[in-house]
Structure formats: C-alpha cells, structure tokens
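Here is a note for a colleague who is opening this structure for the first time. The points below are meant to be read with the sequence and the model side by side.

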Amino acid sequence: METVSVLEGLRVGFGITGSFCTHKTVLDTLEKLVNGGADVYPVLSDNTAKLSTRFMEADFLREKVKEITGHEPICSIKDAEPIGPKKMLDVMTVVPCTGNTLAKLACAITDTPVLMACKSHLRNNRPVVIAVSTNDALAGNAKNIGSLLGTKNYYFVPMRQDDPNTKPFSVVADFNRLNDTVI
C-alpha cells in the first residue's frame, strides 16, 4: 500500500532571513520539505537576496532555492503582498528567523519581503511557523519570543541553546523538526 505524505500538496511559504551561518542547513531543510511533498514558495529578505558572505554567495543561494523549489524566489515587498489576498499559502515559515525579524514581527513592522509575506498571510488567519536563529534570544529578544508565543497563529520549531558556554544568549531551532512543526 502506498502512503501519501501529510505535506503532499501543502502550499508552504519559506521565508529566509539573515543568520547567514545557517544557510547551508536551511537549504537541506528546504529540500526535506519539498521531498516531503510540499509545494514551496521561497521568499528572501533583502539582505539574504543580495549579500554574499563568507558562508555563501547570494547568487548561489537564489539559484539553489529556485532549483530545489521550482519557483523563482520572491525578493520584493511588492511581490510578497499578494500572498494574502490571493490566499497563495496554507502555512508560512521563516527559516531561519533572526532576532531582527523576530522583533519586527512582534512589533508588526513590515519592511522586508519576508515580513510582508507573513503579514499578508496572517490576514487569512493562517499559521506562521518560526525557526529561531539568533545570538540574543535569551537577552534582548526574549520578550519578542514571549510576545509571539502568546500571539494567535504563530508557532515555533523546537529550539535550544546552540553554545551555552561561549554564547549563553544564543538559540537555534532544530531545523530537522520543521516538517513536524508544519504538520
């Protein structure tokens, strides 16, 4: 008997923000989501779309995201805005979600394509899944995590301290648990 994945046919927005050191893992996570049967629409923050870093070239990231998903990444606020009115997604994810993006989500600031995708998607009372990756989660951003934990339609991928001895305030999501969280 053939089994059908719970993700089969699910339309998932995949917002990628900074936390550049996680982008290789993020690509693996994106591939697992697509291989699970989800139809994934990538959305890149301004910096993610444009900045090459010591971890990855921006052009390579954009091309790899397109190759994995089969969709051109959304890289502008204008192109992200129709997500809600057109009811394009069943769930929106932010992988990784930086402290900057967390703070802006908590304060309803919409100044990047990923933030617009979340805002536009939330108008339909649909879920946003957050995969935190920030060096200040247990410091300046603790209040923002707490605020979003108590806000309807926000869900978090399980997270942990990534290096309690040398980075005591830093937290990273268990990206391997994204599919389970989406489900």
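1. A place to begin is Ala 108, which is found in the loop between α5 and α6. The model is a predicted one, and in it Ala 108 has a positive phi of about 60° although it is not a glycine. Most residues other than glycine have a negative phi. Ala 108 counts as exposed because its relative accessible area is 65%, and the cut-off for that word is over 50%.

2. Ser 19 is found in the loop between β1 and α1, and it counts as buried because its relative accessibility is 16%, where buried means under 20%. The side chain of Ser 19 makes a polar contact with the side chain of Ser 133, at 2.7 Å. When residues up to four places away in sequence are not counted, Ser 19 touches Pro 96, Thr 98 and Ser 133.

3. A cis peptide bond joins Val 95 and Pro 96, with omega at about 0°, and Pro 96 is found in strand β3. Most peptide bonds are trans.

4. Thr 17 is found in the loop between β1 and α1. Is Thr 17 buried or exposed? Thr 17 is buried, because its relative accessible area is 2%. A polar atom of the side chain of Thr 17 lies 3.3 Å from the backbone nitrogen of Thr 98. Leaving aside neighbours within four places in sequence, Thr 17 is in contact with His 23, Ser 45, Thr 48, Val 94, Pro 96, Cys 97, Thr 98, Thr 101 and Val 114.

5. Thr 17 and Thr 98 are both among the residues that line the largest pocket, whose volume is about 160 Å³. The lining also includes Gly 18, Phe 20, Ser 45, Asp 46, Asn 47, Asn 100, Thr 101, Lys 104, Thr 112 and Leu 115. The elements that give two or more residues to this lining are α2 (46–50) and α5 (99–106), and the largest share, three residues, comes from α5. By type, the residues of the lining divide into two nonpolar, eight polar and two charged.

6. How many cavities of 30 Å³ or more does a search of the whole structure find? The search finds one, and the largest cavity has a volume of about 40 Å³. Phe 20, His 23, Thr 48, Leu 51, Thr 53, Met 56, Glu 57, Ala 58 and Leu 61 line this cavity, and these residues divide into five nonpolar, three polar and one charged.

7. Helix α6 (residues 113–122) is mostly covered, with eight of its 10 residues buried. The buried residues of α6 are Pro 113, Val 114, Leu 115, Met 116, Ala 117, Cys 118, Ser 120 and His 121; among them, Leu 115 also lines the largest pocket, and Val 114 is in contact with Thr 17.

8. The largest nonpolar core has 26 residues, and those with the most contacts inside it are Val 12, Phe 14, Leu 33, Val 40, Val 95, Leu 178 and Val 182. The elements that give two or more residues to this core are β1 (11–16), α1 (23–35), β2 (39–44), α3, β3 (91–97), β4 (128–134), β7 (171–173) and α8 (178–182), and the largest share, four residues, comes from α1. Val 40, leaving aside its neighbours within four places in sequence, is in contact with Val 12, Phe 14, Leu 30, Leu 33, Val 34, Thr 69 and His 71. A second, separate core of 25 residues includes Leu 102, Leu 105, Val 128 and Phe 156.

9. The last point concerns Arg 62, which lies in helix α3 (residues 58–69). Arg 62 is partly exposed, with a relative accessible area of 25%. Leaving aside neighbours within four places in sequence, Arg 62 is in contact with Leu 44, Ala 49, Lys 50, Pro 73 and Cys 75. Arg 62 and Cys 21 are 41 residues apart in sequence, and in space they are 16 Å apart from C-alpha to C-alpha.

Key:
Residues numbered from 1 in each chain as written. Predicted model: local features only at pLDDT ≥ 70, side-chain atom pairs only at ≥ 80, totals over all residues. Heavy atoms only, no water. 1 Å grid on protein atoms, 1.4 Å probe; cavity = no way out; pocket = protein on both sides within 12 Å on 5 of 7 lines; lining within 4 Å. Points joined across faces, edges and corners; volume = space filled by probe spheres on them. Nonpolar A, V, L, I, M, F, W, Y, C, P; charged D, E, K, R; others polar. Buried < 20%, exposed > 50% of the residue type's maximum accessible area, 1.4 Å probe, protein only. Contact = heavy atoms within 4.5 Å. Core = buried A, V, L, I, M, F, W, Y, C linked by side-chain atoms within 4.5 Å. Polar contact = N/O pair within 3.5 Å; in protein donor to acceptor, adjacent residues only side chain to side chain.
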